[in-house]
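Here is a short tour for a reader new to this protein. Look at the fold first, then at one annotated residue.

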Amino acid sequence: MKRRNFITKTSLNTLALGLGINSLANANFKQNQLKLKTSEKLASDPVAICTWEFTKANATAGALLDQGLPALDAVIKGVAVEEENIKNTTVGKGGSPDREGNVTLDACVMDHTGNCGSVMAVENITNVAALARKVMEDTPHVILVGKGAEEFAVQSGFTSENLLTPETEKLWKEWLKTSDYKPVINIEDHDTIGMLGLDKDGNISGACTTSGLAYKMKGRVGDSPVIGSGLFIDNTVGGAAATGMGEEVIKTVGSFLIVELMRNGMSPQEACEEAVSRIVSTNPNHTNFQVAYIAINKQGETGCYCIHPGFKMMKYSNGENIPVVAGSHLK
């Protein structure tokens, strides 16, 4: 057989085989999607979950869901409780500053249609989750950062105010005496409120907002405003949110990973455990930082898991708002 004829015949056979494999893969994917949509009973009651024991914030979102508000409205109003809580030094106004004394906030939102918005390194604006929604709905972009995000906020009617409170300024000046930067597990890593809501229409949305790690380098951004890392929603499957050492969450695209694991049959709890396992199996330094995940699926089932003991998830369902102690990789 001539070389040209051999190459042509081989190429055609390879193409035919490839098309057959692709067809089979597509058929299996469609079959799995059909199973997700038809064989599993969807949740009948609203559910709200959030990272850490932010009781009032989660209760606010849960009550709004019970009243019939869409999930996105409920979670943004829920996380705003902590953004406006000046006693919380990890979120919103009163958040810990960077090394230069500047409070910079990050946030993102994602709705049930797959639309999303994000803001990063924003100064002087308290309700950055609501600002991320404005980016999503009122601009052609997904992300705005820094001064551009701040200017857009003011143009959109947000109040500009100093986010550094006397208390956090005092703590920062005390830190400057040593400038020792070592995150403390379950204290400094308690740096985010991520919230997921399942509304009466069966739609899932989420919000994630933070002031980031205390005394971070100027310009540092973690996982919280990164779609797929700090937060991800696929309304045919479920949603997930992260908290803790953002750099480690970004490396594994943690929230997206959890949703994909649920798509392939895992429960929210199993998916959270596997996502934590991906981090600890590749980073021998995991004993020195915390990462935690929460997740929910279309059936209203939830899950949470972390590296170190001490993490809790709030869960609102059927009028009850209770803390759920997460299992952990380290005991």
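Strand β2 (residues 105-110) and strand β6 (residues 204-210) run antiparallel, joined by five bridges. Within this pair, Asp106 has Thr210 of β6 as its bridge partner. The model is a predicted one.

Both strands belong to an open sheet of eight strands. The order is β4-β3-β2-β6-β5-β1-β11-β12, with mixed pairing. At the edges stand β4 (143-145) and β12 (320-325). Each has a single partner strand, so one side of each lacks a neighbour in the sheet. From one strand to the next, the twist averages 10 degrees.

The table lists two of them.

| Helix | Strands touched or crossed | Angle |
|---|---|---|
| α2 (residues 55-66) | touches β1 (47-51), β5, β11 (312-317) and β12 | about 25 degrees with β11 |

Now for the annotated residue. UniProt, in an unreviewed entry, lists Thr192 under "active site". Where does Thr192 sit? Its place is the loop between α6 (166-176) and β5 (193-198). Is Thr192 buried or exposed? Its relative accessibility is 0%, so Thr192 counts as buried. Beyond neighbours within four places in sequence, Thr192 contacts several residues, including Thr51, Trp52, Cys208, Thr210 and Ser224. Thr210 is also the bridge partner of Asp106.

Finally, the whole chain. The protein chain holds nine helices and 13 strands. Of its 331 residues, 51% count as buried. Its accessible surface comes to about 15200 Å², and 54% of that belongs to carbon and sulfur atoms. Among contacts between residues at least 6 apart in sequence, 64% join residues at least 24 apart.

Conventions
Residues numbered from 1 in each chain as written. Predicted model: local features only at pLDDT ≥ 70, side-chain atom pairs only at ≥ 80, totals over all residues. Heavy atoms only, no water. UniProt positions renumbered as here; feature names shortened; annotations may be inferred. Helix = DSSP H or I, 4+ residues; strand = E, 2+ residues; numbered from the N terminus. Buried < 20%, exposed > 50% of the residue type's maximum accessible area, 1.4 Å probe, protein only. Contact = heavy atoms within 4.5 Å. Areas by Shrake-Rupley, 256 points an atom, 1.4 Å probe, with all protein chains shown as cover. Pairing = 2+ DSSP bridges. Axes fitted to C-alpha atoms, helices over the stretch in contact; angles between N-to-C directions.
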